[in-house]
Amino acid sequence: MNVSYLELLKLAAPETIVVLTALAALVVDLTSTRDLEARFRFIINGMIACAGCVAAIVWMLVMPAHANALEGMFVVDPLTQVVKIALLGLTLFTVLISMDSTFTEHIGEYLALILLAAVGMMFLVSAEDILMIFISLELTSLSLYILAAFNKRDVNSAEAALKYFLFGGMAAAFTLFGLSLLYGLSGATNLGQIAAALEDKGLDPLLIVAMVMIVLGFGFKVAAVPFHLWAPDAYQGAPTPSAAFIASGSKVASFFIFAKVMMIGFTGGETNGVHEIAGSAAWQQFVSGWTPVVAVVAVLSMLLGNLVAIVQSSVKRLIAYSAIAHAGYMLIGVMAHSGEAVASLVYYAVTYGLTTIGAFGVVAVVEARSKDDQLASFAGLSRRAPVVSLCMMIFMLSLAGIPPLAGFFGKFYVFAAALKTGAPNLGLLWLVILAIAMSAVSFYYYLQVLKQIYVADMPAGAEELRVPVLGQVVLGLIAVGVILLGCAPNLLVGVLQASIKAAGL
Amino acid sequence: MNELPILTIITLLPLVSGIVVAGLGEHRKLARGLALTSSFLSLALVLGLWRSFDGNSGLLQFVEGPHAWIPTLGVQYYLGVDGLGLLMVLLTALVVPMSLLASGRVADRPHVYYGLVLFLQAGLVGTFTALNFFHWFIFWELSLIPAFFLVRLWGGAARAAAATQFFVYTMVGSIAMLLAFLAIFLATSEPGQPGVFDFITLADMARSGTLEQLLPAKLGWIDLTARKLLLVVFGGALLGFAVKVPMMPFHTWLPAAYSEASSPVTMLLTGVMSKMGVYGFVRILLPIFPQHINWMLTPLLWLAVITIVFSACAAFAQRDLKRMLAYSSINHLGYCLLAVFAVAKFTNAPQFATEKAAALNGVFLQMFNHGLTAAALFWFVALIEQRSGGLRGLNDFGGLRKVAPIFCGLMGIALFSSLGLPGLNGFVGEFLIFKGVFPLAPWAAAFSVIGLLVTAIFILTILQRVFNGPLNEKWSKFPDLTLGEIALLIIPIALMFVLGLYPRLVLDVINATAVQMVEQLKF
């Protein structure tokens, strides 16, 4: 195998830029900004981190590449580049909403970890080889565990991180076990080769074990029931910007790779129009395979996520349970496993990530002043901080799926893709109906938040919230993005479809 | 096309001014002034549109687009109005300033209130001008959000439950409709080419029978026969509109929402929002699903009759003026439904074409007239509430005629218009509807007449209990209308007379549209 390292470096330039930025932020913070006030340190190093992200984005825009290095170890095509750009965008916003926080004085380390997690996600997106997938997953997860524990002074943060870590470790073990079985069955680590080796084997019992293990591992990453238990605690306990990153960037990358593994690796030969290994989750026509497994996970996630979110009194926990529900909707997109479905899934995940970062940003603003994230702390926010309240309204309505915001189009597109896949007999209609019914339930709790903000009276003695200008600008930008992507979804969808065609999925 | 995109401007104007008003902060006078200015500007624009509209053509005019919006999903930016659309846009432009003028007493966060009203106007205008399902649906849903908050934040004591019920009902209807159109979208999509969302093309496909072949050929759902599948899709679309109008038995949200919302908001709900449902029936169901309405004709006709008769009886049983008028709204729109269903009746006999056109003209007129009259009536109720400190029970008053003769006279005119007295606007629409429906569906029309009778009874009861009889001493100081109020109220009242005596003013614009719609109803 001939590898030109120079070529590889060129392909991996965006990742390299981000790694170098992470190191730069670390070094600058250790050497020159150590003695400054925390706020300035955050601004200086944050700007370095942002510059790195922007540089990597610009690199990808200017130098589009299309190559498959080392037999799927590192695949660069238009699709992965779009997803990477989206990931870097989410990272950028995460850094921006952290600028105002005071939970740590290890600012360089904090930013470096965020960037390293982003690198892990970028490699994950590019991987088509199970070894590489596992390594990148671990790089991402380990960085995120530490990020969750970053508030050293807070017991909850430590508890959240420990829970996240223990669950994550176990899920990683399951994934690894599943992957090793897969290797044993097919003798290959490349997804395409695995698919070819499994082509005429049908549903081997051992393959079923491998498949379930892998679904379990990814189910943990995307916080789907029954592997969701870490999510509410981690979201609530972790520092808010870390939680935002776990909820957005990590989710986008995980969903993308989940769909990719399932689509490339696990379709198998076709009989009667049904992929043998994928099976079918169509109503009254279940064929065993991985789609019914994912269907069960999706149904449970939508039901539990939405119903439990109703009774939450902490906004972060509410967002966490709603995240579980959203994972359920997105799994419908995974199940549809077609090119169109991937486009809809990426659109959904990216817009969802953006909205969630925004929502966490607002929570961070409120939390900084009232020291907790209870619903009651949001009472009368519209009078104390009108701009932030307006942004929160946009985020909540988008999450609830109200047109013309991005959340509506995301749901619409995922459901349309799912229906199209089961086309001749609308097999997935039952899931879509359930999803729509459950998103109607979700209105209730999103409106609860808005009710506190807009209807409830201010607590006595509360004064105007001073929100830093930067914070307002960032939240405003995210809100505009949510509206824009909702009104003109073709900005993203057009690019996605073109790149999926180019990538040949 | 380099013409001015006038419809876009009419839609965006309230949206932009809504943002400005809501962003201003709590300057009550300024917010109100700006909102009123914007609404009058819209009215002026729409009147300009009305003048330059060619009434001899039933075709879409002022068309914008279709411009590609989301090409991958076949979504286009496509606007246009025919006589019906224009009439509804005009109604919106009329009722919004009426409602704004009536809501002078909003003290709590006026800037948000006026902003929301303007957003609602934008949503309504968008709904009445959009010609692509996706685009139309966005506005349809968008109008729900401000309406929800207007009921939720400025309503009466039980507003929370009413607003939630209103929201959940309409949402369920919308979702059913969305699924139905998704099915159509999937059925009409070819590999490499998105499906069809455009109402005009869909109507063409329905006429040529393509839609009917495509749906069962491309879709299926647990061994449904082709006919049943078509009915399921039709049922989904029907539910969305039936909830909005509302058609019994999907009406239970309405009395609560109308009576709990503050009266100016109710003016908007009943004056314009309820027309969205009827508009959907005429613009979407009738051209795209005529066959399906026809299959279900008998049950649908009887549902319309039930709506008409029962809501009139229910209104008679109420003791709260707003609830009475709410049920009376259901009753009035029931006539529209009756006519729409009757028009879809399968018959190609040429003599029926005139009857159908008459019935459709009646529907359009009734929509406009009811919007105007109901808005005026709720305005009067708002004035009564202001004077009585919130009381509005049927038996709380008595003999007001003696202390407030002008009030009584003007409200009496509005009530008589609602009753359908010849010479006032309410009569023309109902007359045309019955003229058209009798030959098409004699039994249904005959039973609906009971509704007319009961309406007359309960409206006379209102007049008697509130304005006549011995003066309730409590109200011996009940102030009559001020000059300013008279000046404002005289406009809708005058319109009632004008339309009652000279309905051609509107008929000239809508007749060609109605005739064309009937022509296109080929089976």
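## A buried proline in chain B

Pro14(B) is buried in this predicted model. If you want to find the residue on screen, look in helix 1 of chain B, which covers residues 6–23.

Which residues does Pro14(B) touch, leaving aside those up to four places away in sequence? They are Ser38(B), Ser42(B), Leu118(B), Gln121(B) and Ala122(B).

## Chain B as a whole

Chain B contains 22 helices and 2 strands. Its radius of gyration is 22 Å, close to the 24 Å that the globule rule gives for 523 residues, so chain B is as compact as a globular protein of that length. The C-alpha trace of chain B spans about 75 × 55 × 45 Å along its principal axes.

How much of chain B is buried? Buried residues account for 59% of its 523 residues. Among the contacts in chain B with a separation of 6 or more, 80% are between residues 24 or more positions apart.

## The two strands

The strands of chain B are worth a visit of their own. Strand 1 (residues 61–70) pairs with strand 2 of chain B in the antiparallel sense, over 5 bridges. You can trace the pairing residue by residue: Gln61(B) stands opposite Val81(B), and Glu64(B) has Leu79(B) as its bridge partner.

The hairpin formed by these strands has 4 residues between them, and Gly74(B) takes a positive phi near 65° there. Is strand 2 of chain B largely enclosed or open? Strand 2 (residues 75–81) is largely enclosed by the rest of the structure, because 6 of its 7 residues are buried.

## Helix 22 of chain B

Follow chain B along to helix 22, which takes in residues 504–520. This helix has 17 residues and reaches 24 Å from its first C-alpha to its last, close to the 24 Å expected at 1.5 Å a residue. Helix 22 of chain B also has a kink of about 40°, centred on Ile510(B).

Ile510(B) is one of the buried residues of this helix, and others include Val506(B), Val509(B), Ala514(B) and Met517(B). What do the buried residues of helix 22 pack against? Their neighbours are helix 3 (83–102), helix 12 (263–288), helix 16 (350–388) and helix 21 (483–501) of chain B.

## A covered helix in chain A

Chain A has a helix to look at too. Helix 10 of chain A (residues 230–237) is mostly covered, with 8 of its 8 residues buried. Among them are Trp230(A), Pro232(A), Asp233(A) and Tyr235(A). The cover over these buried residues includes helix 6 (130–148), helix 7 (155–186), helix 11 (240–247) and helix 14 (315–336) of chain A.

## Confidence in the prediction

How confident is the predictor? Chain B averages a pLDDT of 83, and 98% of its residues score at least 70. For the complex, the predictor gives an ipTM of 0.73 and a pTM of 0.84. Where pLDDT is low, the predicted coordinates should not be read in detail.

How values were computed. Residues numbered from 1 in each chain as written. Chains lettered and ligands numbered in written order. Predicted model: local features only at pLDDT ≥ 70, side-chain atom pairs only at ≥ 80, totals over all residues. pLDDT = per-residue confidence, 0-100. Buried ≥ 20, exposed ≤ 12 C-beta atoms within 10 Å, placed from the backbone. Contact = placed C-beta atoms within 7 Å. Pairing = 2+ DSSP bridges. Rg over C-alpha atoms; globule rule 2.2 N^0.38 Å. Expected span 1.5 Å × (residues − 1). Bend = angle between axes of the 7 residues up to and from the residue.
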